[in-house]
Amino acid sequence: MYCLPSAPHRYPWLAVLCILTVLTGRSGIVRADETCQSPYLPKITGQEDYIYIWTLGAEGIGDGSDKLVTVGANPNRPEQYGKVIASVSVGGRHEAHHGGFTDDRRHLWLGGLDDSKIFIFDVAADPAKPQLVKTIETFVQDSGGVVGPHTFYPLPGRMLITGLSNSTDHGGKTGLVEYSNEGKYIRTVWMPDKAEYGYDVRVQPHLNRMLTSSFTGWNNYMMDFGQMLADKEAMKRFGNTMVLWDFHARAPLQIFDVPGAPLEIRWALQPRHYYAFTATALTSKLWLIQQQPDGTFVAKAVGDIGDPTKVPLPVDISLSADDQFLFVTTFMDGYCRVYHVADPEQPRLVHEQQIGKQVNMVSQTWDGKRVYFTSSLLANWDKKGEDNEQFLKAYTWDGQKLTPTFAIDFFKENLGRPHIMHFGQDQFYKNQLYTEKPSREPAAVATAAP
Amino acid sequence: MQQILLFAFFTLVLTCTPLALARGETGAIASIEHALQEAFQPLFTPPAPGTYALPPIDTVNDHVLLDSAGKPVSLFALTTAKIAVISFMYTACADVGGCPLAAAVLQQVDQHLSKRPQLAQQVILLSISFDPERDTPARLAEVRAGLNPRTEWHFLTSPSPAAIQPVLADFHQPVVKLWNEEGHWSGLFRHVLKVFLLDRHQRVRNIYSTGFFNAQLVLHDIETLLLEEQGADPTP
């Protein structure tokens, strides 16, 4: 409206100018980036240059510490492509797991599920060499007892963080915690009593709705996997619920029974697609959470993932930008299954491929052409011996099949167990109009308001 | 007023449709319609004022800006006694989900406030340009005149591009100049729409963005802050 209708009779030329400048300046730009980020996060466009991989330290591997690993991903830079170009150790093992950019994409927050430390990296100053600039060591204290920062979900000016556990009993009761982009604690919202477990969080701002899912507490996710499977009491302590919230009020509205630990949540990305998918780890089912004509939501299972009796353990999902394909990784068999989900109520398996002996995270580019996988689930849940492959693998996707492009063995490179991936790009940070926040001081030439 | 909004709607559609087609973005047209629909016909009713909390997110510094008369003004002097709604924009913006949307919503807020004079006295709307080279005070004065605000709605710019940098940094408002393939500035900026709600103590209490920004939501938040000042407990 400023540009055109504010005073159209005064600026008839402005409309033409806008069209011309946009056409000359932006036509041909292809959106890349990951598909399953917060809608508040600005997207990088074109080819990603870097993949940032939050990597668990492994005993006897390199320095044994958790680290942020940067891998070159731009094929036009052969000196970097498919190679480790930076690695920043944070010192010690914290159960590196998930992370996320701030809403200005200048900082990458990375969490440790064990001691609840949060490591904040500056990725704007030199996207090829992220720098650790701050560590939040008071997450449990700040939040009033939330343990295990998991999902880092950018909101305007702040970071929404899900917990997995609590400091009272290290069980599954947990909450949602918010910090400002500068690392100042804002508030904690505990999960409702009837759905006290937590895992992922995703917001559908167009509807003022937020979904959370549920996993298990510190006592389980830090336990040896085989030992936990044999412990009947431990196996009872998994989340079986999802919660729909009034996002603005941070108030729970509906609780859904979704048995078997519903993990990652992916809202559909196209306009007027008011539904989300999740996958249940223990029951191996795809679930659809869909808005009804009356505005409420219904959750229902819409298909099996592999053979649920074999417990393939679906761990991550990635929805294509056009809402056509859902990529599902299953840890135990190391497979990626691709479902055609144009009809979200009837997912159709169109491709499956083994990525490795184990596989965990999957990240897909916005243009749908590239897909990346990592291998580690949790330090004590990863496979043992020769099955404990630790890798980043890159593929192209042509709509029908995955074709490998490069792979990095994270043990051979003395790095550790790779987990979540995020994309970076040099061009994104060029020509930004500011570089840092000034100190808080009064204006030098303040004058009275008229 | 209704005529202005309708004109805005059709002009935006007519302008942005060819842009979207030129970009070849799948679903772009639907996205444009979607953004406009959500601004003017939101898909949700915000929670009632006072039933929720808006904890402080951040504090901002004072800054000297230029008003549309070219006079230096202090941000704090403008906002200390008011609840402020602050939008960063540039007048050449052609992104339907950005500055034009913000202007349309602020115009609705202005319209609603004008019908509630007591509430309007508590509020100030500020549109701050990050394109001071083109958005001169004179230009902003013309834009303001075209919008014909009925309540206190100021249009501000800065003396130079360098002068706006600390303001953008303070509000964490990313703005990037977009360059074309020939190495020239395209005349456009990439920016994520952010509109800030400040209480009387210059504390940021909410930040709106595309997809979650409409007049009713802003008004409810303003009323929530006023109820908070009166000691209301937001616990549901």
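Contact here means heavy atoms within 4.5 Å. This is a predicted model, where local features need pLDDT of at least 70, side-chain atom pairs count only at pLDDT 80 or more, and totals for chains, interfaces and linings use all residues. Residues are numbered from 1 along each chain as its sequence is written, chains are lettered from A in the order in which they are written, and side-chain values use heavy atoms, leaving out hydrogens and water.

**Exercise 1.** Work out which residues N74(A) is in contact with, leaving aside neighbours within four places in sequence.

*Solution.* 
1. Find the spot: N74(A) sits in the loop between strand 2 (67-72) and strand 3 (84-89) of chain A. Strands are DSSP runs of E, at least two residues, and helices are runs of H or I, at least four, numbered from the N terminus.
2. Now the list: Q47(A), E48(A), D49(A) and Y81(A).
3. Check the side chain too: one of its polar atoms is 2.9 Å from the backbone nitrogen of N76(A).

**Exercise 2.** Is I222(B) buried or exposed?

*Solution.* 
1. I222(B) has a relative accessible area of 0%, so I222(B) is buried.
2. Beyond four places in sequence, I222(B) touches I83(B), V85(B), L119(B), V123(B) and L197(B).

**Exercise 3.** Name the buried residues of helix 7 of chain B.

*Solution.* 
1. Step just past the helix, and H172(B) has a positive phi of about 55°.

Technical notes. Buried means under 20% relative accessible area, exposed over 50%, partly exposed in between (1.4 Å probe, protein chains only). A polar contact is a pair of N or O atoms within 3.5 Å; within protein, one must be able to donate a hydrogen and the other to accept it, and residues adjacent in sequence count only if both atoms are side-chain atoms.
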